[in-house]
Protein chains: 2
Amino acid sequence: MSSDSKTRSFVSARIVAERAGVSRSAVSRTFTDGASVSEETRRKVLDAAGALGYHVNHLARGLRERSNIVCLVVADMTTPIRAGMVDVLTRELQSSGKITMVINTKADTDSVSTALRQTLNYRADATVVLSGTPPASLIETCLANGQQVVLINRDDKLVGSHNLGVDNSVAGREAFFLLRRAGCRRLGLVTSNAGTASLVERERVFIEAANADGMEVAVFETGPTSYSSGFEAGRRAFGRSNSPDGVFCVTDLLALGFMDAAVHEFGLSIPDDLCVVGFDDIEQASWESYRLTTFSQPLKAMADQVLDLLLDPQSAGSERILFEPIPRWRKSVRPGPR
Amino acid sequence: MSSDSKTRSFVSARIVAERAGVSRSAVSRTFTDGASVSEETRRKVLDAAGALGYHVNHLARGLRERSNIVCLVVADMTTPIRAGMVDVLTRELQSSGKITMVINTKADTDSVSTALRQTLNYRADATVVLSGTPPASLIETCLANGQQVVLINRDDKLVGSHNLGVDNSVAGREAFFLLRRAGCRRLGLVTSNAGTASLVERERVFIEAANADGMEVAVFETGPTSYSSGFEAGRRAFGRSNSPDGVFCVTDLLALGFMDAAVHEFGLSIPDDLCVVGFDDIEQASWESYRLTTFSQPLKAMADQVLDLLLDPQSAGSERILFEPIPRWRKSVRPGPR
DNA sequence: TCCAAGATTGCACTTGTGTGCAATCTGGAA
DNA sequence: TTCCAGATTGCACACAAGTGCAATCTTGGA
């Protein structure tokens, strides 16, 4: 409040000590739980600290002990599902006294590697990877440095790292059953060119389930995992003969694009002419224009699990922790044959 | 790669120096641009560093010079416009060698204050506030500590801080002109209970413009800034006589909810029965089910401006920097009277 | 009044880095 | 061979914190 200082630099414990007329240790102890300080010096220190606007330097504190920094490596943050993940994680981490550094990167290996090195530079206690797949050697380096590594929905079996993910096979199978029950005869699969392990698994299981039942699946892949790729897929699907009457889109964004093409370009009505199943349960899937039947990723539970792992440092990782996707019945799939 | 160390702790320059058989200074200089090291020691150091997986500790580096940390204080990160801002900012900051700490907070003053203190604890060079309004005294503390403060779209005139924002009055006025040109006779305004200065200004200017032209405006406020508030507003607007035929929604999310209520609950057709103008130009506004006429916030330009401010430390702030919102003509407003 | 136990305090070291300064090394010219 | 300039190196300090240890101060009881 008092304008006695135009310091233009962070005030340190030394400055506070000088002003309070005590030793620097006293200042340190005042801000350390359980340290021995008399009530009087404590008050003097707090007064001086308040007047000067002192805040303990967590960076310096992190030199001796853990830094309490957790890095989040993520690409494509505007995607609703990613934004949701970042949101949950940052909030949960914060409530456990950790702070989040976000590294917004591309999904390719080089960018992720650079990101992971940054993570080490900032002495993060842990790194959570939401996008891309880091090279095994770099993960090893992180582990050797005592850093924990958590991979979310990147199902490569990488030694040492914790691997969380949603059970894609359940969703793929369930999607097929839903469409079969709705009496769909010509199945389609809409996917992206991302080639992520989770997406590939959803594709595979869906197609296998259909084949096992004697049905073919037409695959539409038109670009990245986005609304417009879905839209383009819809154009192609209905711009030819033998168009599908039941599709599984490996992502909600793709599904919404696909639905819009079907409805607005070709005048189809959902679920009468076409049934659609998505995956992710982004907020937009519940909007009145879509009411998409989809699967929800239990983000909160996954974030909680991440925290459990981080707070238990000797947990060695390497096993894969699977979460059940939660089906969200809405209106884009008929309950039975038309 | 070699498994000689189960250190479980970050490797420091001292360890590298020992292994390379040089002084710790040599290691430091190897990783400092322009420092004097012979080619031979440089190689020895790099070899040792590589083998041990050494990474310079940016935290310790930040003890002496600037930390290169920028804090982003944000609430409601899942909102598309916020996710977009965070995305642009993190990317731009990164490309200038800064790292972003995200503090995910509520928008109330207490939470923002706590967030700002964290910012000081981590010795961030700068804080960018996207949500909520911090108390003036705390901003002063930040400035006294030599930290820069940038407020985005929180138009309170707070001394010392940099204030960026989009020109809300232009948008409010323009929205009215669009609706008048479309021949709308019963105007509506859909807003939230957030009470943010930007939202309030958009409301005010829109209503003033209408009044100046002799038109009344029915105001609908049903909750927070969200899709469902917009939907609820739509329910109320059309569940009574004298319902509006042209509305300005202060946010795209509100607009999309409002449109969905009008279309799916009341069978209205847009833009024939109802014209809608939004604000933000989130991705969903361009989706085929909406094609919403709205105003785009020049996020990239704003992020660039933030960077300019941060890279020029003696810029004193306090003036307000306004950005023109960019109109996005789409299909939710008729080009002329019906 | 004196003594001892317990509470406070400050010194000095630690963490990992960058850098000024002085000492040493190198290489080329006389 | 000698000398000097320039390149390289290492010491020691600074940065901002936490903490073990010993010294000091309180306090209470005999």
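## Helix H10 of chain A

In this predicted model, helix H10 of chain A runs over residues 227-238. Its 12 residues reach 17 Å from the first C-alpha to the last, close to the 16 Å expected at 1.5 Å a residue.

Several of its residues are buried, among them Tyr227(A), Phe231(A) and Phe238(A). The cover over the buried residues of H10(A) includes strands S6 (187-191) and S7 (217-221) as well as helix H11 (252-266) of chain A.

## A four-stranded sheet in chain B

Over in chain B, four strands form an open sheet in the order S7-S6-S8-S9, with parallel pairing. Strands S7 (217-221) and S9 (275-277) of chain B stand at the edges with a single partner strand each, so one side of each has no neighbour in the sheet. On average, neighbouring strands are turned by 20° against each other, direction ignored.

Strand S6 (187-191) of chain B pairs with S7(B) over five bridges; in one of these strands, S7(B), Phe220(B) is the bridge partner of Val190(B). Helix H11 (252-266) of chain B packs on the sheet, where it touches S6, S8 and S9 of that chain. The direction of H11(B) makes about 145° with that of S8(B).

## Backbone details to look for

Most peptide bonds are trans, and most residues other than glycine have a negative phi. A cis bond joins Ile270(A) to Pro271(A), with omega about 10°; Pro271(A) sits in the loop between H11 and S9 of chain A. Ile270(B) and Pro271(B) are also joined by a cis bond, with omega about 5°.

Asn68(A) has a positive phi of about 65° and is partly exposed. Arg123(A) also has a positive phi, near 55°, and is buried, with a relative accessible area of 8%.

Terms used: Residues numbered from 1 in each chain as written. Chains lettered and ligands numbered in written order. Predicted model: local features only at pLDDT ≥ 70, side-chain atom pairs only at ≥ 80, totals over all residues. Heavy atoms only, no water. Pairing = 2+ DSSP bridges. Helix = DSSP H or I, 4+ residues; strand = E, 2+ residues; numbered from the N terminus. Axes fitted to C-alpha atoms, helices over the stretch in contact; angles between N-to-C directions. Contact = heavy atoms within 4.5 Å. Expected span 1.5 Å × (residues − 1). Buried < 20%, exposed > 50% of the residue type's maximum accessible area, 1.4 Å probe, protein only.
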